[in-house]
Amino acid sequence: MATKINIKSLPIGYQSIISNGRHSIVGDEPITSKGTDQGFSPEDLLLSALASCKVATVRFIARKKGWTVRDVDAKLEMSVKRNPDRSLATTVTVQMEIEGDLSAEQRAELLYEADNCYVHRMIKGEWTIENAVPFGETVEA
């Protein structure tokens, strides 16, 4: 089943209500980009998706193996540089803290699994992003 997101822009700054049909959050741009900084920026949302997946994957694998894990925290930082051809090169650094009764080998395995979470693999995989069309129209193949 495809993931679907609906977004409704608000008349203030670049604020928008982002919904998946069950939950909603506020998106915006920082003040430096003429937004109101009242919600996550698009870059924040992208990095949040990756962080959330990594943490959830660690917790899932630990539960599956019966390992005792308490807090699982992550800090991700993204820097984007423009190449001479105007393409973008993005670097994401990831630090994770896994509290629990774990051996060094178990901790290493959980970090390995975090780096193989679904969103990490999706971002590194092949993407096709179709051009935007008006509501009700479909992209012709």
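**Entry 1: hairpins and sheet.** I began at the hairpin of β2 and β3, which has 4 residues between the strands. Gly-21 in that turn has a positive phi of about 95 degrees. The strands here are DSSP runs of E with at least two residues, helices are runs of H or I with at least four, and both are numbered from the N terminus. This is a predicted model, so I keep in mind that local features need pLDDT of at least 70, side-chain atom pairs count only at pLDDT 80 or more, and totals for chains, interfaces and linings use all residues. Residues are numbered from 1 along each chain as its sequence is written, and side-chain values use heavy atoms, with hydrogens and water left out.

I then followed the pairing, where two strands pair if DSSP finds at least two bridges between them. β2 and β3 run antiparallel and are joined by 4 bridges; one partner pair is Ser-19 with Ser-24 in β3. β1 and β2 are antiparallel too, with 4 bridges. Across them I found Asn-6 opposite Ser-19, and Ser-9 bridged to Ser-16. Their hairpin has 6 residues between the strands, and Gly-13 there takes a positive phi near 55 degrees.

Which order do the strands take in the open sheet? I read β1-β2-β3, with antiparallel pairing. β1 (6-9) and β3 stand at the edges with a single partner strand each, so one side of each is left without a neighbour in the sheet. I noted an average twist of 25 degrees from one strand to the next, with axes fitted to C-alpha atoms and angles running from 0 to 180 degrees between N-to-C directions.

**Entry 2: positive phi outside glycine.** Lys-34 has a positive phi of about 70 degrees although it is not a glycine. I located Lys-34 in the loop between β3 and α1, and it is exposed at 68% relative accessible area. The classes are buried under 20%, exposed over 50% and partly exposed in between, with a 1.4 Å probe and protein chains only. Arg-86, also not a glycine, has phi near 75 degrees. Arg-86 sits in the loop between β4 and β5 and counts as exposed at 58%.

**Entry 3: pockets.** A pocket is an open set of points on a 1 Å grid over the protein atoms alone, where a 1.4 Å probe fits and protein lies on both sides within 12 Å along at least five of seven lines; lining residues have an atom within 4 Å of a point. I found about 1,000 Å³ for the largest pocket, volume being the space filled by probe spheres set on grid points joined across faces, edges and corners. Its lining has 28 residues, with Thr-3, Ile-5, Ile-18, Leu-45 and Ala-49 nearest the centre.

The second largest pocket has about 260 Å³ and 13 lining residues, including Val-92 and His-120. α1 gives the most to this lining, with 4 residues.
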